Amino acid sequence: MSGHYVGQQCECQFEFPGLSDVSKLRVTLKRPGSNTEESLEVTKGPGQSILIAFIPEVPGEHQLSMLVSGRHVSGSPFQIPVDESPAATATGNPMSLALELPGVNLPTDFEHLTAKLQRPGEKTAKDDLKLELLPDNTVSLTFIPLVSGEHLVYIYKKGREVSGSPFAVRAEGPTPPDPSKVKVFGDGCRRGISGQLSKFTIDARDAGDGGLGFSVEGPSKAELNCISKEDGTCQVEFLPKTPGVYTIHIKYADQHVPGSPFTCVVAGEDGTLPEEIPPPRVRTAPADISRREFVVESAFPVSRHNPPPAQRPHGLEVDLTGYDISKLSANVETPTGKVEKAEIVATTRDKYTITFITRNGGTHKVNVLYNRKHIPGSPFLVDVDTANWQLTSKAKVMGPKEVTGKVGVPCEYLLSTKDSGGGKLGVSVEGPVKTEIHCEPIGHDEYKIHFTPTTPGRFVVYLRFNEQDIFKSVVTVPGDASSAGEPTELSNRNVKVGEKFTLEVPHTGTADQMTSHVITPAGAKIPAQVKKIDNDTYGIIFVPEEPGDYIIHILLKGVPHSGSPYKLTVGSHEVDPSKIRVHGPGLKRATAGQETSFTVDAKDAGPGTLSIDAEGPEKLDVRCEQQTEGSYLVSYTPKVSGNYQINIGFGGANVPNSPFQIKVAPDPNSGNAELCTSRGSGLYGGVQGRPSPFTVNCSKAGRGSLLVGVEGPTIPVNEINIKHDGDNIFLVDYSLEEPGDYILKVLWGNEHIQGSPFPVRVEGAEGIRVGR
């Protein structure tokens with residue numbers, strides 16, 4: 001998937017250092033199947049970037065050309081892939097359902113049954129469903145949910161609903177995409193060597209339903225190839241042809257994944273790094289957000305100025321054909337969990353309405369019981385729209401809108417639902433850490449909401465009532481920056497001594513509200529520069545002077561910023577393969593058909609690219625997965641026994657003790673054809689039209705199966721008979737219709753036994769039989 005879809009605006013961002021006047025840049029678009037180039041508008045983006053946008057009309061490759069003074073820029077023209085709209089292709093997992101239909105005589109009535117599906121949000125049933133009669137006289141149906149929620153299945157007999165219809169089914173549709181849960185690991189997106197394939201892995205299994213999109217910018221055209229793996233991840237291969245700095249954009253559902261865009265430094269074939277490497281820029285993660293939802297109630301005080309809500313009855317009509325009404329009962333469970341009485345009222349013959357009165361909006365469960373047991377389809381779900389029958393919400397919150405708090409001291413708010421009606425209360429707290437939120441009733445229509453800060457920082461409290469914002473509070477908890485907890489480690493290994501480093505943090509205020517300082521590896525405190533990057537992002541900038549760990553503190557109005565402090569590991573320019581440690585059973589021995597592995601620890605070796613290749617009787621499929629920053633797990637499964645050699649390199653040089661010599665033993669669970677023996681005249685020849693017998697002894701050859709075949713000059717073998725004589729000993733005979741020279745093949749477990757293939761000669765019926 002590309003991440004760009006038909007009918008949706010496609011936005012592309014390109015870095016253009018040194019381009020001060022965008023009017024000098026001409027951009028044209030060539031759509032799939034067209035030779036016409038249409039001009040596109042270019043706008044200035046953040047920093048030294050430009051923005052280009054267009055709306056695709058058809059799927060396929062769109063060609064974007066960029067020219068300055070009539071000449072293409074590096075990498076132009078760019079290919080932008082576009083897919084069909086995800087709305088048209090998104091599907092959930094198929095939902096299968098088996099139903100018992102009381103009052104329906106199956107299988108006789110099956111031909112008169114039809115079914116329809118009403119999806120969440122639809123007012124009527126629209127989709128036809130196919131019914132299947134099962135052996136136990138139940139009916140089954142299958143549908144694919146497009147959204148999550150309650151689906152209603154209507155079953156009709158000769159056009160009339162059967163008893164219990166509609167049947168409520170909760171089904172999960174496609175999960176909304178969450179690009180923040182996409183994981184990218186592997187060095188291939190950060191460093192590489194020109195002319196060599198760089199690889200990295202993308203894991204989007206927990207990110208919901210969405211499409212991956214890739215693009216790469218750099219000194220040479222380099223294509224990204226995505227290969228889906230059996231475990232649900234995908235491996236991306238990237239082949240840079242020229243040394244330099246490349247920018248790899250990875251999007252999910254048209255949004256950048258964490259860490260994107262990635263800066264990939266590609267060295268020359270001799271390991272020489274480019275002369276100019278841009279200073280790394282790291283974007284911080286957003287603050288932790290804690291959310292809770294509560295159901296609250298309200299009693300309306302009755303007066304002539306404040307009348308109670310209209311107690312209009314709500315209900316649903318059900319078919320109770322065949323039931324004794326005297327044995328039926330009904331009740332309703334409100335969203336708050338209360339159980340109230342419901343009345344069964346006759347409307348037409350065999351049609352009844354279950355009516356109830358409620359003061360709360362939301363989904364109500366209507367229970368219809370026969371002899372104290374639910375009838376098919378019960379409980380039924382009825383949605384009551386608060387806005388249609390209750391008074392306008394007048395919920396009130398008492399508490400400070402801006403206050404200074406303390407670590408360990410609760411922050412409290414009082415909610416009054418008097419005159420507001422019951423409903424759903426949503427509370428969220430945004431701050432530097434996850435926070436426990438509590439809501440407790442303290443009196444008639446009053447609730448206490450509270451949370452306790454566990455660390456210094458800025459906490460923002462939001463309250464929503466029945467999907468409407470009603471209150472916001474800002475709690476500032478001061479404290480020494482050193483007490484802000486464990487540092488947040490920044491996963492960036494391209495930072496070098498003497499290079500400017502920029503940490504991007506979200507902030508919508510002014511620069512004078514934010515300050516920053518850095519603790520060096522030697523313990524010294526140095527100031528950091530705070531610079532505005534765009535409307536909602538500031539950069540914390542400093543130059544590390546020595547290798548080691550730096551602790552970056554960011555304060556907002558004297559309070560630690562969300563996520564602060566940060567830990568940054570700075571390395572030197574040198575690459576030292578001698579500091580790489582390699583260990584694990586896969587470096588010494590292996591067994592055919594069994595997976596083995598070893599670990600490569602390159603954390604202390606500096607910047608470089610890890611390369612692994614193997615030589616042996618058969619090609620090894622070597623898999624390398626990054627476990628932590630600088631640590632890799634390498635695994636492989638040899639298929640054939642023999643002697644192998646594994647070469648491990650880093651930064652263009654071999655690691656200590658490389659190459660490694662590996663002896664792969666045969667699979668003990670597979671057969672060994674070399675241990676099979678054979679005897680008999682049929683191994684040498686025979687007489688036309690007569691059986692030629694021989695015996696094969698496989699008792700010591702392990703697991704396997706015996707295969708026998710004969711190749712001849714013209715006519716193939718007439719008949720081959722194989723009989724198991726016990727203990728893996730086989731009696732074999734074959735007969736041939738024409739005299740001549742033939743080849744007899746005898747295999748055990750797909751391998752030839754000793755002496756096979758055998759040359760055999762068949763004499764004519766009047767000739768002499770050949771043998772020993």
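Is Lys567 buried, partly exposed or exposed? Hold that thought, everyone, and I'll come back to it with its partner.

First, the ground rules. This is a predicted model, so local features need pLDDT of at least 70 and side-chain atom pairs count only at pLDDT 80 or more, while totals for chains, interfaces and linings use all residues. Residues are numbered from 1 along each chain as its sequence is written, and side-chain values use heavy atoms, with hydrogens and water left out.

Let's start with salt bridges. I call it a salt bridge when a side-chain nitrogen of Lys or Arg is within 4 Å of a carboxyl oxygen of Asp or Glu. Across the whole structure the search turns up 12 salt bridges.

Back to my opening residue. Lys567 has a relative accessible area of 25%, so it is partly exposed; on this scale buried means under 20% relative accessible area, exposed means over 50%, and partly exposed is in between, with a 1.4 Å probe and protein chains only. Its salt-bridge partner is Asp549, with the closest N and O atoms 3.7 Å apart. Because Asp549 lies in strand β50 (residues 548-556) and Lys567 in strand β52 (residues 566-570), the pair ties together parts that are 18 residues apart in sequence. A word on those labels: strands are DSSP runs of E, at least two residues long, numbered from the N terminus. Asp549 is partly exposed too, at a relative accessible area of 34%.

Next, please look at Arg761 and Asp741, whose side chains meet in a salt bridge of 2.8 Å, N to O. This pair links distant parts of the chain, with Arg761 in strand β70 (residues 758-763) and Asp741 in strand β68 (residues 740-748), 20 residues apart. Arg761 is partly exposed at 44%, and Asp741 is partly exposed at 47%.

Then there is Lys448, which forms a salt bridge with Glu412, the closest N and O atoms being 3.9 Å apart. Here strand β41 (residues 446-451) holds Lys448 and strand β38 (residues 411-416) holds Glu412, and the two residues are 36 apart in the chain. With relative accessibilities of 24% for Lys448 and 43% for Glu412, these two count as partly exposed. Before we move on, note a network of salt bridges that links Glu595, Asp621 and Arg623.

Now for the aromatics. How many aromatic pairs are there? The count comes to 8, where rings of Phe, Tyr and Trp (its six-membered ring) pair if their centres lie within 6.5 Å, and planes under 30 degrees apart count as stacked, over 60 as edge-to-face and the rest as tilted. Phe238 and Tyr246 make an edge-to-face pair, 5.6 Å centre to centre with 75° between the planes. Both of these residues, Phe238 and Tyr246, are buried. The rings of Phe542 and Tyr550 have centres 5.7 Å apart and planes at 40°, so that pair is tilted. Phe542 and Tyr550 are buried as well, and together with Phe501 they form one aromatic cluster.

Let me turn to strand β25. This strand, residues 262-267, is mostly covered, with 5 of its 6 residues buried. Strands count as paired if DSSP finds at least two bridges between them. Strand β18 (residues 191-193) runs parallel to β25, joined to it by 3 bridges. Strand β23 (residues 244-252) pairs with β25 in the antiparallel sense, over 5 bridges. Val265 in β25 is the bridge partner of Arg191, and Val245 stands opposite Val265.

Two single residues deserve a stop. Val184 sits in strand β17 (residues 183-185) and counts as buried because its relative accessibility is 17%. Leaving aside neighbours within four places in sequence, the contacts of Val184, meaning heavy atoms within 4.5 Å, include Cys189, Phe200, Ile250 and Phe262.

Ser735 belongs to strand β67 (residues 729-735), and it is buried at 8%. With neighbours within four places set aside, Ser735 is in contact with Gly689, Arg690, Pro691, Val717, Asn718 and Glu719.

Last, the cysteines. Taking a disulfide as a pair of cysteine sulfur atoms within 2.5 Å, the count is 0 disulfides. Cys234 is buried at 6% relative accessibility, and Cys439 is buried at 17%.

Thanks, everyone!

Terms used: Helix = DSSP H or I, 4+ residues; strand = E, 2+ residues; numbered from the N terminus.
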